[in-house]
Amino acid sequence: MARAKKNGTYLNVCIENSIYEQLNEICADAGQTKTIVVERALNSYFCDYREKQRKLKELREK
């Protein structure tokens, strides 16, 4: 039985070879697809970014 299609958008990027090799290693270690690893990495980055922006805003308001 086929997997359900994901509600998403395709993203094509050109990354450094060393980063791609690291991505492949992590995927193999974790047993996950590149899509899942990249989505989780981006979500983590976005959360960190938002938190830093929130803290900076608080500092500016003091």
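Tyrosine 45 and tyrosine 49 both lie in helix H2, which covers residues 34–61, and stand four residues apart, about one turn of the helix. The model is a predicted one, in which local features need pLDDT of at least 70, side-chain atom pairs count only at pLDDT 80 or more, and totals for chains, interfaces and linings use all residues. Residues are numbered from 1 along each chain as its sequence is written, and side-chain values use heavy atoms, with hydrogens and water left out.

The chain has two helices and zero strands (DSSP runs numbered from the N terminus, with H or I over at least four residues for helices and E over at least two for strands). Its radius of gyration is 17 Å, whereas a compact globule of 62 residues would have a value near 11 Å (taken over C-alpha atoms, the globule rule being 2.2 Å times the number of residues to the power 0.38). The C-alpha trace spans about 55 × 30 × 20 Å along its principal axes. Of the 62 residues, 5% are buried (buried means under 20% relative accessible area, exposed over 50%, and partly exposed in between, with a 1.4 Å probe and protein chains only). The accessible surface of the chain comes to about 6,400 Å², and carbon and sulfur atoms hold 54% of it (Shrake-Rupley method with a 1.4 Å probe; for residues, only the protein chains shown count as cover).

Two aromatic pairs are found in a search of the whole structure (rings of Phe, Tyr and Trp, the last by its six-membered ring, pair if their centres lie within 6.5 Å; planes under 30 degrees apart count as stacked, over 60 as edge-to-face and the rest as tilted). The pair of tyrosine 45 and phenylalanine 46 is edge-to-face, because the ring centres are 6.1 Å apart and the planes stand at 65 degrees. Tyrosine 45 and tyrosine 49 form a stacked pair, with 6.3 Å centre to centre and 25 degrees between the planes.

Charged side chains number 12 positive and 9 negative, and the centres of the two sets lie 8 Å apart (Lys and Arg count as positive and Asp and Glu as negative, while His and the chain ends are not counted; each charge is placed at NZ of Lys, CZ of Arg, CG of Asp or CD of Glu). The count of salt bridges comes to three (a side-chain nitrogen of Lys or Arg within 4 Å of a carboxyl oxygen of Asp or Glu).

One of these joins lysine 6 to glutamate 39, with the closest N and O atoms 2.5 Å apart. Lysine 6 lies in the segment before helix H1 (17–30) and glutamate 39 in helix H2, so the pair ties together parts that are 33 residues apart in sequence. Lysine 6 is exposed at 54% relative accessibility, and glutamate 39 is partly exposed at 35%.

Arginine 54 forms a salt bridge with glutamate 51, with 2.4 Å between the closest N and O atoms; both residues lie in helix H2, three residues apart. For glutamate 58 and arginine 54, the corresponding salt bridge has its closest N and O atoms 2.3 Å apart. Salt bridges that share partners join Glu51, Arg54 and Glu58 into one network. Arginine 54 is partly exposed at 39% relative accessibility, as are glutamate 51 at 30% and glutamate 58 at 39%.
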